[in-house]
Amino acid sequence: MTLFKHRMTVRDYECDMQGVVNNAVYQNYLEHARHEFLKTRGLDFARLTADGIIVVVVRAEIDFLRSLRSGDAFDVSVAPVRESKIRLAFEQTIVHAETAEMMLRARVITTAVNERGRPYLPTALQVLLS
């Protein structure tokens, strides 16, 4: 279930020597889309941090299916799912805007940590599930 899509375009410097997007750059795309999704729900990642809600990635599962190239436009989808009492998963895809080919599928699992470093799922983040 896709709740949110964000359109982006590959920039030249994101590509490696083979002319395709470097694998590490895809995590930046995924993270940027999650931050944009938060904004649509009235949340701001920097504000959460300032308020002492430290959101961290605890696991990232990424299936690289096809490669994006410089200039390609693509959509990054975001769908939050409650993973457990203290974890929130984001199911994400990257789809080529022109061909509609799925380029990547990912599941990024997050939690928040309190001032003692203990994981929890604060009320502020539960708005993402409604």
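1. A residue is called buried when its relative accessible area is under 20%, exposed when over 50% and partly exposed in between, with a 1.4 Å probe and protein chains only. Glu14, at 5% relative accessibility, therefore counts as buried.

2. This is a predicted model, in which local features need pLDDT of at least 70 and side-chain atom pairs count only at pLDDT 80 or more, while totals for chains, interfaces and linings use all residues. Residues are numbered from 1 along each chain as its sequence is written, and side-chain values use heavy atoms, with hydrogens and water left out.

3. Glu14 sits in the loop between strand 1 (4-9) and helix 1 (23-40), where helices (H or I, at least four residues) and strands (E, at least two) are DSSP runs numbered from the N terminus. Beyond its neighbours within four places in sequence, Glu14 is in contact (heavy atoms within 4.5 Å) with Thr9, Val20, Val21, Asn22, Val25 and Tyr29.

4. The protein chain holds three helices and six strands, and its elements follow the order β-α-α-β-β-β-β-β-α from the N terminus. Of its 130 residues, 38% are buried.

5. Among contacts in the protein chain between residues at least 6 apart in sequence, 67% join residues at least 24 apart. Taken along the principal axes, the C-alpha atoms fill a box of roughly 45 × 30 × 25 Å.
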